[in-house]
Amino acid sequence: MALPNNRPLNIIRVFAHMADSSTAGSAFTVAPARGKIVKLGSVIDAAVTTADTAITAKINGTAITGGAWTIAFTSAAAGDVDTVIPSGANTVNEDDKIEFASDGGGSGTVPTTFFADILVS
């Protein structure tokens, strides 16, 4: 059995919650320290139906390069996790606003929790 990787102590995970990611809107959180966002993702609490939902992550209103992903409706189920690794425009300062914007493409009520992993510098 492979052993899990230990989580580095200099990575902080922050969360934001959206009551329904199938409705266009945004969820927000704040960077607790200066650093670099190294991973973004979401977990859904219900199945997405009809169409995919596109998510875009932003820092203070500016899109993070490589920070967009799709929550697929095909075989969607509660507990599905989607993640991306940003490639640029991903540095934050303490108290910067981190936004997760949904295009509202899906249907059904889909509570969603978003996260951002910040490598503290």
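**Exercise 1.** In which strand is the place of F100, and is F100 buried or exposed?

*Solution.* The model is predicted, so local features need pLDDT of at least 70 and side-chain atom pairs count only at pLDDT 80 or more, whereas totals for chains, interfaces and linings use all residues. Residues are numbered from 1 along each chain as its sequence is written, and side-chain values use heavy atoms, with hydrogens and water left out.

Begin with the strand: F100 belongs to β8, residues 97–102, where strands (E, at least two residues) are DSSP runs numbered from the N terminus. Next, F100 has a relative accessible area of 0% and is therefore buried, a term that means under 20%, with exposed meaning over 50% and partly exposed in between (1.4 Å probe, protein chains only). Finally, the C-alpha atom of F100 is separated by 5.4 Å from that of S26, although the two residues are 74 apart along the chain.

**Exercise 2.** Describe how β4 and β5 are joined.

*Solution.* Strands β4 (residues 53–59) and β5 (residues 62–71) run antiparallel and are joined by six bridges; pairing requires that DSSP find at least two. Within this arrangement, T53 stands opposite I71 of β5. The two strands form a hairpin with two residues between them, and N60 in the turn has a positive phi of about 50°.

**Exercise 3.** Which side chain makes a polar contact with the side chain of T112?

*Solution.* First place T112, which is in β9, residues 112–120, and is buried, with a relative accessible area of 0%. The partner is the side chain of S21, at 2.8 Å; a polar contact is a pair of N or O atoms within 3.5 Å, and within protein one must be able to donate a hydrogen and the other to accept it, while residues adjacent in sequence count only if both atoms are side-chain atoms.

Definitions and conventions: Helices (H or I, at least four residues) and strands (E, at least two) are DSSP runs, numbered from the N terminus.
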